[in-house]
Amino acid sequence: MNNKIATIFFSTTLLFASSAFAFYTVQDTGDLLAPTQMAIGASLQGMTAGPVHGVNILGHLDKGLTDTSNLRFEAGSGATDAVLGGYYKWVPFPDYQDQPAVGFIMGGQYAHYQGAGEIAARFTPIASKKFEIHSDQANGTITPYVAVPIAMANYNSSTLVPVQITLGAKYHDDRVKICDFLAELDFDVNQAPNSIVLGVQFAPF
């Protein structure tokens, strides 16, 4: 019995000893584009923990799909050599009256870092709520969001399960109509980076 316990403990330690530190961000809310709309954006991520330290730059294209769903395609580089991803966002519960938007982001990502490639399937529950702001200093809306990115990844012949908690907000100023600003903190729960992310998304077209 003691040998079995030792074997389980040793195997678990090996499983969680290696870490995935690719480009895991959310930079999104429960807001949806209309099916005829598209939007583009960019993010700057500073990774503060893990073997990969530094800055990544990511660009994305969002496309409205249905009244309850959007698509996102993204690409980036930096401290992480290369990132490519595609995602489907489904929001069955919209932001309405006192109800927050609640939805899910699902998709896949390829990243290359530290000489090896990682392929990950990602699933992210997300919730957000928009609030109006009216003051002498600001006039617009702020949309705080919380998400729990979960992935199943294969990196360097190892299976990883990166998990994070993400806290962020999107700000729209009525005086700056062409874009929204986003900021988020990503906290490592398991095999994922801690990071600070700043982003901008330009008005739908």
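**Briefing: salt-bridge network and aromatic pairs**

The side chains of Asp62 and Arg72 meet in a salt bridge, with 2.6 Å from N to O. This pair joins distant parts of the chain, as Asp62 belongs to strand 2 (residues 54-66) and Arg72 to strand 3, 10 residues apart. The model is predicted. Its salt bridges number 7, and its aromatic pairs number 3.

**The salt-bridge network**

- A network of salt bridges links Asp28, Asp62, Arg72 and Lys89.
- Besides its contact with Asp62, Arg72 forms a salt bridge with Asp28, in which the closest N and O atoms are 3.8 Å apart.
- As a general principle, side chains of opposite charge can pair when their charged atoms come close.

**Burial of the charged residues**

- Arg72 has a relative accessibility of 7% and therefore counts as buried, the cut-off for burial being under 20% relative accessible area.
- Asp28, at 11% relative accessibility, also counts as buried.
- Lys89 is buried, with a relative accessible area of 5%.

**Aromatic pairs**

- The ring centres of Tyr113 and Tyr155 lie 4.5 Å apart and the ring planes are at 0 degrees, so this pair is stacked; planes under 30 degrees apart meet that criterion.
- The two tyrosines connect distant parts of the chain, with Tyr113 in strand 5 (residues 101-113) and Tyr155 in strand 9 (residues 150-155), 42 residues apart.
- Both Tyr113 and Tyr155 are buried.
- One aromatic cluster is formed by Trp90, Phe104 and Phe123.

Key: Residues numbered from 1 in each chain as written. Predicted model: local features only at pLDDT ≥ 70, side-chain atom pairs only at ≥ 80, totals over all residues. Heavy atoms only, no water. Phe/Tyr/Trp six-rings, centres within 6.5 Å; stacked < 30°, edge-to-face > 60°. Helix = DSSP H or I, 4+ residues; strand = E, 2+ residues; numbered from the N terminus. Buried < 20%, exposed > 50% of the residue type's maximum accessible area, 1.4 Å probe, protein only. Salt bridge = Lys/Arg side-chain N within 4 Å of Asp/Glu carboxyl O.
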